Amino acid sequence: VLLLPLYDLSIRSVEDKTLSLSIPATISIIRGSKCHVVLNRVPEPCKEDNFQCENGECIPLENLCDSHPHCEDASDEAHCVRLFNGTKNNNGLVQFRIQNLWHVACAENWTTQISNEVCQLLGLGTGNSSEPISSTGGGPFVKLNTAPNGSLILTPSQQCSQDLLILLQCNHKSCGQKLVAQEVSPKIVGGTNAKEGAWPWLVALYYNSQLICGASLVSSDWLVSAAHCVYGRNLELSKWTAILGLYKTSNLTSPQVVTRLIDQIVINPHYNRRRKDNDIAMMHLELKVNYTDYIQPICLPEENQVFPPGKSCSIAGWGTVEYQGPTADILQEADVPLLSNEKCQQQMPEYNITENMICAGYEEGGIDTCQGDSGGPLMCQEDNRWFLVGVTSFGYQCALPNRPGVYARVPRFTEWIQSFLH
Ligand SMILES: [Ca+2]
C-alpha cells in the first residue's frame with residue numbers, strides 16, 4: 001500500500017495502460033503485479049510577474065539576479081551570466097542578467113581579473129583572452145568593476161564608451177552544460193519524462209537496429225559506456241549505431257538527431273565479467289559530431305573529485321519499464337541519492353562492491369523507476385556543470401526497495417578515459 005499525499009499519481013501497468021488518480025489517495029497493488037509508478041509533485045504555477053525557483057517557490061521577478069539569494073535553493077542567482085553569439089561554447093560577448101533583462105558588458109575598464117572571474121562563474125576555468133569589439137546591437141549595457149574583495153560590481157548603463165563591447169574567450173572547453181532552456185520543473189520522486197535537450201550528452205546505442213544501451217558523449221568523437229554492453233559484440237563494429245541528440249526513440253528523423261557509426265571499441269582491460277568489476281568501455285565515433293544545443297559533452301570528474309553519499313544526482317535513459325520489457329519512447333529521468341559503498345555492500349550482499357563501483361538509489365521505500373539503460377550516465381551537478389560520476393552497470397529489476405543501482409565509478413577511470421581524448 002502506498003500512501004501518497006500531495007502527489008499527482010499515475011500508474012502504468014505493463015500493458016501500458018495509464019490510470020490517473022486524484023490525491024490524496026490510498027492505492028493497493030496486488031503483490032506480484034508489475035507496475036511503473038510515476039509521481040509528479042505539481043507546484044502551484046507562479047503569477048506572471050514572478051519567477052519560479054527550481055524548488056517550485058515563487059519570487060518577484062525583480063529579485064532575479066540581484067546578487068541576493070531569494071529562493072531557498074538560490075536558483076534565482078544561478079544563471080546570471082552567459083557568453084553570447086560566440087563561435088565556440090567557451091567564447092562570446094559577455095552578458096549579465098540583472099533582474100529579468102540581459103545586459104551586454106562594456107569593454108571599458110575591463111581587466112584580466114574580470115575575465116578570470118567571469119570564466120570562473122561560467123565554470124570555464126580562467127580567461128584566455130578578451131578583446132574589445134564595436135557594438136552593433138542595442139542595449140541595455142553593463143559596466144564592470146571589481147570590489148576590493150574581488151567580487152564583481154555591475155553598473156547598468158544606456159551606452160558603452162565608444163560603443164565597445166567585450167569579446168571573451170575562456171580556457172576550458174565547455175562541458176556538462178544544458179543549453180536548451182529547461183522549464184522549471186518541480187523536484188520529482190520517481191521518474192518522469194525529461195525535457196528535450198535536458199541531457200545533451202546522452203547517447204542511445206543501437207545494435208542490429210535494437211536500442212540496447214546508453215552511453216555518454218565525452219568529446220566530439222568518444223563515448224563512454226559499460227563493458228557488459230559491448231562485451232561479445234565488440235568485434236562486429238558495423239552492427240553498432242550511436243544516436244545523438246535523441247529525445248523520442250519513435251522520432252529518429254528529428255532535425256536534432258545525429259547518427260554515427262562506431263569504428264573502435266575498447267573494453268577496460270581490467271573488466272571482470274563475473275564480478276562486474278571495471279564495467280566500462282570506450283567507443284569511437286567514425287566521424288566527429290558538431291556540438292549543438294542538443295549535443296554536448298559531459299564533464300569528466302577529476303580523479304580525486306569527491307561525490308559524497310547523500311548527494312542527489314540524476315540518471316536518464318530510455319531504459320526498460322520492466323525487466324527485459326520494451327524501451328521507453330520519451331527519454332526518462334530520475335533523481336537518485338548517492339550511497340556509501342558500505343551501505344551498498346550491505347544491501348547487495350551477493351556482490352562484492354569494489355572501490356571501482358559507486359551506488360545510488362533510495363534506501364527505503366524507494367520507488368525505483370527502472371530508468372537508466374546500462375551504459376548510461378549517473379550524473380551529478382557541481383558548480384553549474386554536470387559530471388559523469390557513474391556508468392550504469394547492474395542492479396535489480398524494478399521497484400525493489402533497498403536495492404540500489406550499481407555504477408562503474410568514473411573518477412577511478414578518468415585517467416584511462418582521458419588517454420583516448422588527446
Ligand atoms: Ca535574488
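Q: Which geometry does the site of the calcium ion have, given the angles among its 6 donor atoms?

A: Ideal angles at a metal are 109.5 degrees for four tetrahedral donors, and 90 or 180 degrees for six octahedral ones. Six donors count as octahedral if opposite donors are over 155 degrees apart and all others between 65 and 115. Here the angles run from 75 to 170°, and the site is octahedral.

Q: What kind of model is this, and how are its residues numbered?

A: This is a predicted model, in which local features need pLDDT of at least 70 and side-chain atom pairs count only at pLDDT 80 or more, while totals for chains, interfaces and linings use all residues. Residues are numbered from 1 along each chain as its sequence is written, and side-chain values use heavy atoms, with hydrogens and water left out.

Q: Which residues are the protein donors of the calcium ion?

A: Donors are N, O and S atoms within 2.8 Å of the metal (3.2 Å for Na, K and Ca); water is not among the atoms, so sites may look incomplete. In this model the protein donors are Asn63 (O), Asp66 (OD), His68 (O), His70 (ND1), Asp76 (OD) and Glu77 (OE), at 2.2 to 2.5 Å from the ion. Along the sequence, the donor residues follow the spacing N-x2-D-x1-H-x1-H-x5-D-E.

Q: Where is His70 found, and which residues is His70 in contact with, leaving aside its neighbours within four places in sequence?

A: Strands are DSSP runs (E, at least two residues), as are helices (H or I, at least four), and both are numbered from the N terminus. His70 is found in the loop between strand 7 (58–60) and strand 8 (81–84). Contact means heavy atoms within 4.5 Å. Beyond its neighbours within four places in sequence, His70 is in contact with Glu57, Ile59, Asn63 and Asp76. Ile59 is 11 residues away along the chain, yet the C-alpha atoms of His70 and Ile59 are separated by 7.1 Å.

Q: Which backbone oxygen does the side chain of His70 reach at 2.8 Å?

A: A polar contact is a pair of N or O atoms within 3.5 Å; within protein, one must be able to donate a hydrogen and the other to accept it, and residues adjacent in sequence count only if both atoms are side-chain atoms. The side chain of His70 reaches the backbone oxygen of His68 at 2.8 Å. The backbone oxygen of Asn63 lies 3.5 Å from a polar atom of that side chain.

Q: Why does His68 count as exposed?

A: Buried means under 20% relative accessible area, exposed over 50%, and partly exposed in between (1.4 Å probe, protein chains only). His68 counts as exposed because its relative accessibility is 51%. His70, at 32%, is therefore partly exposed.

Q: Is Gln52 buried or exposed?

A: Gln52 has a relative accessible area of 17%, so this residue is buried. Gln52 lies in strand 6 (residues 50–52), and its side chain reaches the backbone oxygen of Gly56 at 3.0 Å. From C-alpha to C-alpha, Gln52 is 8.3 Å from Asp76, with 24 residues of separation in sequence.

Q: How many bridges pair strand 12 with strand 13?

A: Two strands pair if DSSP finds at least two bridges between them. Strand 12 (residues 141–146) and strand 13 (residues 152–157) are antiparallel and pair over 6 bridges.

Q: Which strands does strand 24 pair with, among them strand 23?

A: Strand 24 (residues 357–360) pairs with strand 27 in the antiparallel sense over 4 bridges, and 2 bridges join strand 23 to strand 24, also antiparallel. Cys359 has Val406 of strand 27 as a bridge partner, and Leu339 also stands opposite Cys359. Strand 23 (residues 332–339) is mostly covered, with 7 of its 8 residues buried.

Q: How many helices and strands does the protein have?

A: The protein has 4 helices and 27 strands. Of its 422 residues, 48% are buried.

Terms used. Four donors count as tetrahedral if all angles lie between 85 and 135 degrees; four count as square planar and six as octahedral if opposite donors are over 155 degrees apart and all others between 65 and 115; anything else is irregular.
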